[in-house]
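Subject: Structure handover

Hello,

Here is the structure for you to take over. My notes on what turned up in it follow below.

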Protein chains: 2
Amino acid sequence: MNYKDSFREYLGKNGLKVTQQREVILDEFLAAGSHLSTEELYRSIREKYPHIGYATVHRTLKLLAESGLAAPRHFGDGHTRYECSNEEQHHDHLICTICGAIIEFENPGIERLQEQVAAKHGFVIEQHRLEIYGRCSSCLAGKGKKEKK
Amino acid sequence: MNYKDSFREYLGKNGLKVTQQREVILDEFLAAGSHLSTEELYRSIREKYPHIGYATVHRTLKLLAESGLAAPRHFGDGHTRYECSNEEQHHDHLICTICGAIIEFENPGIERLQEQVAAKHGFVIEQHRLEIYGRCSSCLAGKGKKEKK
DNA sequence: GTTAAATTGAAATCCAATTTCAATTAGGGG
DNA sequence: CCCCTAATTGAAATTGGATTTCAATTTAAC
């Protein structure tokens with residue numbers, strides 16, 4: 001089942017309605033690269049659909065998160081960003097402190113060690129967050145390539 | 001050199017002044033357990049020193065962070081928390097989603113794997129943040145032990 | 001002691017997130 | 001297809017922690 005159907009199903013099961021705005025916002029969310037902030041997605045949508053308000057974008061992103069189709073992230077710039085929860089596998093992030101690029105990665109070895117650490121403290125893991133901040137290869141090579149993410 | 005002297009040295013080198021408030025706030029910050037929010041530290045200080053304002057606590061914590069004596073953390077409850085940067089070794093956190101307890105841990109193996117991941121992407125690490133959220137042993141055992149951190 | 005520069009603290013401001021509320025829309029029932 | 005009620009929308013207002021403003025005060029160099 002695709003994203004649109006999943007979202008419609010979630011809405012239906014919860015007595016919520018399928019609206020034009022929600023459809024548009026989901027489409028644009030999927031079309032835009034991941035890790036967009038509410039503000040960025042709103043600006044992007046406003047170009048084609050000037051009648052859609054910021055509050056609706058905000059609320060729809062929260063709905064997507066509740067439905068499990070999107071996941072909120074915080075990378076320290078004060079803006080909540082959302083990414084698609086497409087992959088079944090958990091992933092973490094490399095964030096460039098120069099250009100803001102965000103690279104996803106997976107590492108089962110790290111996950112395994114985390115489980116060991118948790119077990120040692122009698123902890124049961126619900127979720128985790130690993131963010132590595134530094135300089136990406138582009139910024140290290142030609143400084144000034146100013147990739148805007 | 002102890003914390004107080006380190007802080008005084010930092011202040012001196014930067015043309016800043018050693019004030020009673022800054023001394024008190026550093027003392028209380030060191031005395032209180034780590035991971036206190038600005039608000040929590042302010043409340044704690046206010047009992048003994050009602051004349052010290054929130055803004056001063058806030059500014060002093062930022063100064064401590066700039067001087068390298070404290071490090072700001074964000075654990076998702078919307079409050080900035082500060083911890084002592086005493087240990088030379090980097091550490092990460094286990095956070096209980098029930099009682100809010102925060103446990104520090106170190107794991108060189110995880111650090112090593114992070115370096116490998118970064119290298120694979122041509123990334124140079126500046127810092128990282130690993131937070132593991134879950135249920136601590138106390139909360140798993142006697143539910144209701146309501147440890148308030 | 002004098003004095004300029006730094007600091008303080010109460011209040012104001014900032015700003016993203018969130019909520020309010022009147023007008024509009026979805027969609028089940030008839 | 002129309003009605004009707006609950007859900008939704010969007011502009012504006014509100015929230016809340018972080019930060020700044022600014023007049024009064026304090027530090028510390030001279």
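In this predicted model, helix α3 of chain B (residues 38-48) passes α4(B) in a right-handed crossing. The two axes come within 9 Å of one another, and the angle at which they cross is roughly 125°. That angle makes α3(B) oblique to α4(B).

In total, 23 residues surround DNA strand C. The closest are A:T80 from chain A and, from chain B, B:L16, B:Q21, B:G53 and B:T56. By residue class, the surface near DNA strand C has 13 polar residues, five nonpolar ones and five charged ones.

A:T80 comes up again in the sheet of chain A. A:T80 lies in β3(A), where A:H74 stands opposite it. The strands concerned, β2(A) and β3(A) (residues 80-84), run antiparallel and are joined by five bridges. They belong to an open sheet of three strands in chain A, with the order β1-β3-β2 and antiparallel pairing. β1 (36-37) and β2 (70-74) of chain A are the edge strands, each pairing on one side only.

In chain B, the strand to look at is β4(B), residues 92-96. Four of its five residues are buried, so β4(B) is largely enclosed by the rest of the structure. Strands of a sheet pair through backbone hydrogen bonds, in either the parallel or the antiparallel sense. β4(B) pairs with β5(B) (residues 102-105) in the antiparallel sense, over four bridges. With β6(B) (residues 124-135), β4(B) runs parallel, and four bridges join the two.

Individual partners can be named for both pairings. B:L94 has B:I103 as its bridge partner in β5(B), while B:C96 stands opposite B:G134 in β6(B).

One backbone detail belongs to the hairpin of β4(B) and β5(B). Five residues lie between its strands, and B:G100 in this hairpin takes a positive phi near 85°.

If you want a place to start, which residues are the closest to DNA strand C? They are A:T80, B:L16, B:Q21, B:G53 and B:T56.

Regards

Technical notes: Residues are numbered from 1 along each chain as its sequence is written. Chains are lettered from A and ligands numbered from 1 in the order in which they are written. This is a predicted model: local features need pLDDT of at least 70, side-chain atom pairs count only at pLDDT 80 or more; totals for chains, interfaces and linings use all residues. A residue is near a molecule or strand if its C-beta atom, placed from the backbone, lies within 6 Å of it. Ala, Val, Leu, Ile, Met, Phe, Trp, Tyr, Cys and Pro count as nonpolar, Asp, Glu, Lys and Arg as charged, and the others, Gly among them, as polar. A residue is buried if 20 or more other C-beta atoms lie within 10 Å of its own, exposed if 12 or fewer, and partly exposed in between; C-beta atoms are placed from the backbone. Two strands pair if DSSP finds at least two bridges between them. Axes are lines fitted to C-alpha atoms, for helices over the stretch in contact, and angles run from 0 to 180 degrees between N-to-C directions. Angles under 35 degrees count as roughly parallel, over 145 as roughly antiparallel, 65 to 115 as roughly perpendicular and the rest as oblique. A crossing is left-handed if the near helix is turned anticlockwise from the far one by less than a right angle, and right-handed if clockwise.
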